[in-house]
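Open the model in your viewer and keep the selection panel at hand. The tour moves from ring pairs to strands, then to a helix and to charged pairs.

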Amino acid sequence: MPRKDTAGEVLDLLQTAVTAMGGQQRPGQQQMAREVAESIDSGRHLLVQAGTGTGKSLAYLVPLIHHALKSSKPALVSTATLALQAQIVGRDVPRLLAALKPKLSRDVDVALLKGRSNYVCVHKTGGGFPDDDDPGALFTLGEEKAVSHPAPAAGPTSALGREVVRLRDWAEETETGDRDELLPGVSDRAWRQVSVTAMECLGAQRCPVAEHCFSEQARAKAAVADLVITNHAMLAISAFEGLAVLPDYDVVVIDEAHELQDRVTGAVTGQLSGSVISAAVTAARKHTSASVEELAAAGRAFDSSVEGLPAGLMPSGLNEEQQLAVFRVREACRVALSDSKPEGGDAGDGGRQMARSRLLAVLELCERLLEAPDSGEVLWSSRPSTFSPGEGYSPADDSAPATLNIAPISVAGRLRDGLFDGHTVVLTSATLAIGTEFGPVAGGLGLSGAGAPEWTGTDVGSPFDYPRQGVLYVAKDLPKPDRGTSPAQLEELEALLKASGGAALGLFSSRRAAEDAAAALRDKVDFPILCQGESSMSALVKEFAEDDATCLFGTMSLWQGVDVPGEACRLVVIDRIPFPRPDDPLMTARTRAVAKAGGNGFMSVSATHAAVRLAQGAGRLIRAAGDRGMVAVLDSRLATARYGGFLRAALPPFWSTTDRSVALGILERLNAGQRAEA
């Protein structure tokens, strides 16, 4: 069929969907749908920047559905976060399919596919795996008995124990086993008691209850679906490890694509420490008959080899002592793995599998560390709280043993081979280009250089009247941010929250900053403040969206993908410019590479990184044509530093002020207007 006919059919479906939903096509939406349809039809990769409010989900879902109805393979949508994944599955796709039903030749089968640890493990809840070895995650003896054999008048007394009891009850009723369907959510510590990682899983061939496995059921459904919704971490595993975690697809749309490079890098970053080796030793002793004395000794030698090693980039790689120590650990792991193989009758032993998964993880890390000089990977040393990708930094404990970290300096080559080769890829985001240039993002993903596949880039704009709908307030008079959250910032934040009457999304540079701010302000305001980590992300966002006074504080997971239009989010507070830390090892390595090539490392790496994330955070404010509100940045450098203009240029064109009294007055009027309407 000629390409223009395909695009025409897609645009007809788009108009049908928009009309049935009671709306009208937004500027740029039709252009994007046409571009996506032509990309799918031609097989040429597409990078499309679509500003907030374009309706980009609809603009790519319609051509994907049109294609999926004719293809023998599923089409994929990949998101950066589980929150955005849930939004597409729970809201966007059902509404769209209902609107298009009269026009479609048949029903469209949609599947949601996540990593294995997002599903409850039936074998574990049935007693097939031991409890988490982390002492902080275990019940007291009395609580264990209460869970296994409930007494008539007694039950678990701790919050953790009550969560696990509720989880076990839910596991008997749920049809999907998906953590995000559990409301209210539970803590990560509780969830670990009923889930396993991919490495811990026994696998469909060995698990005695495989036919009831929620993860396997999700994979089976995805294999025959028309449209599969997944996430960037799954794409990373597929591209880097070649594992069949995704169905055989022909087209994929990558939403929030500006995050793809970092998400893929994070998914394949490894860490080796003496405590990791020790945990493998303990698990092997407890759950297998393998002798691990040599591995224990090798672990002590490893700790000795990194004693006194300063935190930071290791540009020369391992020294001779460290190489010998890592080699010794690797060989000891090989012996332990060989000696711990399951025998005839115990193939379904969950404890053995957990122990072997830890041994295998250590073995693979050792091999990567030893091969780093020839593989283009970056090594760095860290100590507890020194470096947490995506969450930020806090002071290191110099007395703690060092951890060796390894990650690829670039994921471009592997993405070119594992993602772009053999598939048609559409990448979209509100912040995908730097200025008007798509080249830097495309290059980081493997779409530049000799032999790179063909691609096009387009910007379809945004329909919102930002100067009339939003205000940018920069707290110019605050001192330059230091580590942590300062008293001045907390005072400023308190004033802003009270003026707004809540309804604030607090975007923080670290989990600790978010938690500290929530703890400090909860006793000073008369509306709820939720904080990331207290429940599942979907549960927190749902609670935030349902009340026009509740506030939600969190980190990078909230900087993108959270879509809460209306009065429930009339204030977005950003605690500081989201620069990578100057001694972030990966950013340091990338900055040096730019400088070596003659470029400006700070502007090309750090400032660009910050600009994209700042724009993403500010984009949480205006989500619909009727939205009004303020983005408040508690970092004076946005107004005073030389690079401030570069960063502000990446933001939507809000009306701006640095006057605190003006900002508070605007928020008070917004709050008063909301109360009057209520």
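Rings of Phe, Tyr and Trp (its six-membered ring) pair if their centres lie within 6.5 Å; planes under 30 degrees apart count as stacked, over 60 as edge-to-face and the rest as tilted. Now select Phe-464, Tyr-466 and Phe-654: ring pairs link these residues into a cluster.

Two notes before going on. This is a predicted model, in which local features need pLDDT of at least 70 and side-chain atom pairs count only at pLDDT 80 or more, while totals for chains, interfaces and linings use all residues. Residues are numbered from 1 along each chain as its sequence is written, and side-chain values use heavy atoms, with hydrogens and water left out.

**Aromatic pairs**

How many aromatic pairs does a search of the whole structure find? The count is seven. For one of them, select Phe-579 and Phe-602. The ring centres are 5.8 Å apart and the planes are at 45°, so this pair is tilted.

Next, colour by secondary structure. Helices (H or I, at least four residues) and strands (E, at least two) are DSSP runs, numbered from the N terminus. Phe-579 sits in the loop between strand 16 (571–574) and helix 22 (585–596), and Phe-602 in helix 23 (residues 601–618), so the pair ties together parts 23 residues apart in sequence. Is Phe-602 buried, partly exposed or exposed? Its relative accessibility is 35%, so Phe-602 counts as partly exposed. The classes are buried (under 20% relative accessible area), exposed (over 50%) and partly exposed in between, with a 1.4 Å probe and protein chains only.

Select residues 251–254, which form strand 5. Val-251 and Val-253 point one way; Val-252 and Ile-254 point the other way. All four are buried.

Two strands pair if DSSP finds at least two bridges between them. Strand 2 and strand 5 pair in the parallel sense, over four bridges. Opposite Ile-254 stands Ser-78.

**A bent helix**

Go to helix 15 (residues 350–375). Where does helix 15 bend? The bend is at Leu-369, by about 35°, and Pro-373 follows within four residues. The bend at a residue is the angle between axes fitted to the seven residues ending there and the seven starting there. After helix 15 comes Gly-376, with a positive phi near 75°.

**Salt bridges**

A salt bridge is a side-chain nitrogen of Lys or Arg within 4 Å of a carboxyl oxygen of Asp or Glu. By this rule there are 31 salt bridges.

- Glu-9 and Lys-70: the N to O distance is 3.3 Å. Glu-9 is in helix 1 (residues 3–20) and Lys-70 in the loop between helix 3 (56–68) and strand 2, 61 residues apart. Glu-9 is partly exposed at 28%; Lys-70 is exposed at 54%.
- Arg-91 and Asp-92: the side chains meet at 3.1 Å, N to O. Arg-91 is partly exposed at 32%, whereas Asp-92 is buried at 11%.
- Asp-188 and Arg-179: the closest N and O atoms are 2.9 Å apart. Asp-188 is partly exposed at 44%, and Arg-179 is buried at 14%.

Finish by selecting Glu-259, Asp-262, Arg-263, Arg-590 and Arg-613. Salt bridges that share partners join these residues into one network.
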